[in-house]
Amino acid sequence: MKNVRKLVLASFMLALIFSIAPVVLAQDGIETVCLVTDIGQIDDGTFNQFAHEGAIAVTEDYDLDYTFIETQAEADYETNINTCVEEGFDVILTIGFMIADATWDAAVANPDVFFVGVDQFVGDQTDEDGNVTEEAPENYVGIQFREDQAGFLAGALAALMTENDIVAGVYGVEIPPVKKFRNGFENGAQYINPDITLLGVYIDDFVAPDRGASAAEQFIGEGADVIFGAGGQTGSGGITAAAQQDVYVIGVDQDEYLSTFRDGETPGAEYIISSAMKRVDQGVYDMVAALAEGDMDGFPGGGVYVMDATLGGVGLAEPHDADVPEEILAQLEDIFNMMAEGELDSGVDPITGDMLEAE
Amino acid sequence: MTTISETYPTDVPVQRFKLTRKRVLALVLIAIAIGMLVLGNRSLTSDVVTTLTLVEPGTATALPAIEVPTLAYMNITALIFLGVGALAIFNPPQIHRYVDGLLIFAGVIFIPTILIVAAAGNSTNITTMMAESLRLATPIAIGAIAGLWCERSGVVNIAIEGMMLFGACFGFSTLFFLQDVFPPNQISIAMFLAVIVAVIAGGLAALLHAWLSITFATDQIVSGTVINILAVGVTSFWRREFLLSNQGGIEKLPEIPIPILKDIPIVGDALFSGQPIFYTMFFIIIISHIVLFYTRWGLRTRAVGEEPGAADTLGINVNSMRWRNVLIGGMIAGLAGAWFSLEVTGTFSNGMTRGAGFIALAALIFGKWTPFGAFAGALLFGFSDALGTRFQIIGVAVPVQFLQMVPYIVTIIVLAGLVGRSLAPKAVGEPYKKD
């Protein structure tokens, strides 16, 4: 009996701690922000850079201190996060799907520090029967994007622009965000033209521009005339190589006309017809701003913040110097609106990135 | 000389069932042949064809596609493998001098077989496949030649990777800052300067290596490791301080098609419409071969790499010879680095050489420390790399991760089975101290 009483008491205390924890958290004002990149760099022209820019914007607007660490190897994820923790930062932004596990562990170990993970899924862990095995830490939010919707739009654009009816994609490591882009792209292209030939390759490295370029060359050899690059610098390497061979290309994450093609100064910039954007900057901005204002309703601790077409979190970049006909832009606008209103589905599982079964 | 009689048992009686390297390889061939016969005849019908297209990008001259009946091709290849395997196992005295040649022949035909079998019922463009294999082989081949110069003179150079990285970083930076200085019509001058800076950067790293490992007789592996780590640090620091604030790319080195030659069917596009560093690769390989084997310099280089004591007795200054060769090797490695930033990508990113320097060393060993052998090794790695991508394009129904292993599996089979024993220069790795 004694043991049972102890157990009841202990669980009461645990419940008490959990119920007041968010209140305690909310009272902390935040002053400092630290960003840890995925393998890749803050000028990589894709999502690390975009997150960096969002972090700069929000820290300037709310007068916060900001620093960043560029991760060089997977083994360093934990070290880099812990460095930020030990230096006493209040908010730690971790960028990328692959750093998620390290972030989860750090969030559990440091309940008084806020963690925001881009491209990460946060939720209670469950076993096969649906019982909760581990509760998600309340100080940790994952920002998720509907890359499949952005990819769908890019695929539709590619299918409308191709003359050979062959479109291709240079993708990075096969992880959910990349799969969502690819499968979305392929569904989008088939939505316009069910008979289109789809080529694509996953490259097991986000920082191998030369391999991306080589894959793009092979696609051009197979007759592809629109190439989508979705894989950090690997993808950027693919589209710069293709654009310099006068093939239409589509960038990813942010408007690569501005980043990879240096605001149109890099040769081939007239061939980038758009980029499948995910507004990483806006997601980072929203989360840090919510914390800075002490608005805990805007910070879904232990859950995800989903940026989709409805929120304007994903979409296509403008064509800049490329010659994309008005009617194609209008058609894409219609597709975007249909997705934003939920009338059109990308056909991709928004968590795993797998293709959904055709109904 | 004892080693030779072990591998080529010409003057000793043949031991019938000793499990030699050749017999193991023969067993592997037979296993592959049986696998091909069984799986092929079970899963393919005789009307399946593999279409090899020869379309050259950018040209309108589409050559007729070659249609290979996949099943027949597989069966013929399997029979050849069975035959070669059987001959290699029983190794009758009349033919054993040809066995090595037969095994190499089997290895060579195995390479297109992978592609043809994978593309069953599909079409695949072999022109771009060849062009890409050569392209991806370029940094590996140049890096291997860099290693060759060092190692032939008796200095281990595992710092090729670091030297490449220095070359990639500083070559890129030069063009990056000069592109606004030079008017657009003179950009080629800036490009030339950028390549020169890359070569010098590699050379400077090599001077450090020579200084540590020759003058101070530091362990050559340690010295090389130091340079590799230093290169990662220095170039990342440089990038963060000076390149990050003005982000963006550069114009890549131009393609220079050679008139007439580039119109040769099939190989013209792969060989004669490349970029400058690609052409330089062939030049370097040939020059290295001539210098190493037909000049006094080459003879002395090999002498200090094999028997530095004897060379010294004959009045050759061993350490000076080594200094000069390491410097040349470093400069060549710098050029290999320029391939990454200036020729293919037009950007610089941290650690962008991603291990090519180490693969170059493997190619060097594969090629038994000869220029053309190293080039063959580099081609094999380039081909396997291109093949991993090609498999995905064809849509082989195997998990991506497995396909990405293919290059390495091919490497292991070839290194272990075909190449056999590869002997390094005798004095490699040993600092020379006059008594």
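The model is predicted: local features need pLDDT of at least 70, side-chain atom pairs count only at pLDDT 80 or more, and totals for chains, interfaces and linings use all residues. Residues are numbered from 1 along each chain as its sequence is written, while chains are lettered from A and ligands numbered from 1 in the order in which they are written.

Chain A is assigned domain 1 (29–145 + 282–307) and domain 2 (147–278 + 313–340); such bounds come from an automatic or database domain assignment. Taken over C-alpha atoms, the centres of the two domains are 28 Å apart. In contact (C-beta atoms, placed from the backbone, within 7 Å) are 15 residues of domain 1 and 18 residues of domain 2 of chain A. On the domain 1 side, α2 (47–61) and α9 (280–292) of chain A each supply at least two residues, and α2(A) gives the most, with three. Helices are DSSP runs (H or I, at least four residues), numbered from the N terminus.

Between the chains, 31 residues of chain B are in contact with 30 residues of chain A. Elements giving two or more residues to the chain B side are α5 (126–152), α13 (318–345), α15 (371–394) and α16 (400–419) of chain B.

The table divides both sides by residue class (nonpolar: Ala, Val, Leu, Ile, Met, Phe, Trp, Tyr, Cys, Pro; charged: Asp, Glu, Lys, Arg; polar: the others, Gly among them).

| Side | Residues by class |
|---|---|
| Domain 1 of chain A, touching domain 2 of chain A | seven nonpolar, six polar, two charged residues |
| Chain B, touching chain A | ten nonpolar, 15 polar, six charged residues |

B:D219 lies in the loop between α7 (187–215) and α8 (220–243) of chain B.

Conventions: Contact = placed C-beta atoms within 7 Å.
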